[in-house]
Amino acid sequence: MIENRQDLEALDSADELREFRAQFELPPDVIYLDGNSLGALPRRARERIAGVVEREWGRDLIKSWNAADWISMPQRTGDKIAALIGAAKGEVVAADSTSVNLFKALSVALRVNPARRLIVSEKTNFPTDLYVMQGVIEQLGGDLELLLVDGTEEALEAALATRGAEVGVLLLTHIHYTTSRMYDMRRVTAAAHKAGAIIVWDLSHSAGIVPITLNACDADFAVGCGYKHLNGGPGAPAFIYVARRLHERFTQPISGWMGDARPFEFLPGYEPAAGISRYLSGTPPVIAMAALEASVELILEAPMEAIRRKSIALCDVFIELMDRHCAGFGLELVSSREGAWRGSHLSYRHEASYPVMQALIRSGVVGDCRPPDLMRFGFAPLYLRYVDLWDAAARIAEVLRTREWDRAEFRSRQSVT
Ligand SMILES: *Cc1c(COP(=O)(O)O)cnc(C)c1O
């Protein structure tokens, strides 16, 4: 039970991750509750980029492909991400965007059991996941079919029970982008395998924030995002994981030269590289990759169990403060009150979600909105303090109580929400 701001100061003093905040560049006067959408800037990412630009590019020019080993960045960064998601070295590369990696993973996953023509996913999956599934079906044509079910373990298991023999691939987002609901990865992966299907996990809202055990769950494919909880910067490279047992059996469809066994022999025929490197396509974006690599190194310095513990605690405290200070203003918590199967953001429904969020951003509390009527608040354990939640809840209550949001200027839509 939180009585006052001092109680939260006490939580901050006892916080095992409190030293990490100083590692980030955070604007004063802003309480940043959107790290699930664009993670904050780690100081060492800024320094790493500066080094790449000034020394490696500016001075050493093309020599840096070898001298600074730019060429191995996708594998090196992939190995670091692997440590965050329960994968082995050599099973992950950083490359492309999540959308492009989804295309690669799904295309290959469908080839594992080519006689199975059904893809199963969730009705409210993130749009890019739905669109890529639609695009792959369009591309591969034939009799491929998409079955979208409700987002629960029970609904998925029921679909697998009735149509399991037809299911080639189950493609799911581990933590939902609005509700924050988290699937039981072990249970769902086992259910897919029992039906003979391949699983593709989208870890966009999970990587770097919840413990993930891809190998222990025997997951087949996974993809995820570099700019959310991995703090890799806007448009950071994404990643792709493929279980080692599947590496040599298949090639992916964007068979560019960086995924070739000998790119610098400039041979006319494609021969896929051994291992996960065949999931590369083109030249890595070195500057962006440098930021991601530095950011992931920082996360690896924090015990994942501590990150998870604080993430749940921050969400719990926020819910308690919102219940107390914002009751009666038409807010409804859409995310679970139970931390166990919840990610690190919370969604609240409000009929004026968009103008309310615009007014909040103006007042220095930064979250975001998702249609039709959700406000999202994300909680980044490495740089948020408990007192920030007290201050945020107080400002949110103020904006709602005074109806400060009810002005024309807060209704006009920005292009990015
Ligand atoms: C953020 C997010 C993406 C992002 O895809 P991009 O290709 O990086 O734009 C994909 N899937 C999910 C579930 C996400 O939350």
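**Close-up views of cavities, a pocket and a ligand site**

**Figure 1. Make-up of the largest cavity's lining.** Sorted by class, the residues that line the largest cavity are 7 nonpolar, 4 polar and 1 charged. The model shown here and in the other views is predicted. The volume of the largest cavity is about 80 Å³, and the structure has 4 cavities of 30 Å³ or more.

**Figure 2. Residues and domains around the largest cavity.** Which residues line the largest cavity? The lining consists of G35, G208, I209, K228, H229, N231, I299, I307, A380, P381, L382 and Y383. Domain 1 (5-17 + 303-410) contributes at least three residues to this lining, and domain 2 (49-300) likewise contributes at least three.

**Figure 3. The largest pocket.** The space in the largest pocket comes to about 470 Å³. Its lining has 21 residues, of which S37, D368, R370, V416 and T417 are the closest to the centre of the pocket. By class, the lining of the largest pocket holds 10 nonpolar, 6 polar and 5 charged residues.

Figure 4. Which element gives the most to the lining of the largest pocket? With 4 residues, it is α12. At least two residues of the lining come from α12 (353-362), and at least two from β14 (368-370). At the level of domains, the lining of the largest pocket takes at least three residues from domain 1 (5-17 + 303-410) and at least three from domain 2 (49-300).

**Figure 5. The shell around the ligand.** Around the ligand are S97, T98, S99, F126, T128, D129, T173, D202, S204, H205, Y227 and K228. The shell is made up of 2 nonpolar, 7 polar and 3 charged residues. Helix α5 (98-112) supplies at least two residues of the shell, as does α6 (127-140).

**Figure 6. Polar atom pairs between the ligand and the protein.** An N or O atom in the K228 side chain is 2.6 Å from an oxygen atom of the ligand. In the side chain of D129, an N or O atom lies 3.1 Å from a nitrogen atom of the ligand. At T98 the pair is formed with the backbone: an N or O atom there is 3.4 Å from an oxygen atom of the ligand. How much of the ligand's area does the protein bury? The ligand taken alone exposes 390 Å², and 87% of that is buried by the protein.

Terms used: Residues numbered from 1 in each chain as written. Predicted model: local features only at pLDDT ≥ 70, side-chain atom pairs only at ≥ 80, totals over all residues. Heavy atoms only, no water. 1 Å grid on protein atoms, 1.4 Å probe; cavity = no way out; pocket = protein on both sides within 12 Å on 5 of 7 lines; lining within 4 Å. Points joined across faces, edges and corners; volume = space filled by probe spheres on them. Nonpolar A, V, L, I, M, F, W, Y, C, P; charged D, E, K, R; others polar. Domains from an automatic or database assignment. Near = heavy atom within 4 Å. Polar contact = N/O pair within 3.5 Å; in protein donor to acceptor, adjacent residues only side chain to side chain. Areas by Shrake-Rupley, 256 points an atom, 1.4 Å probe, with all protein chains shown as cover.
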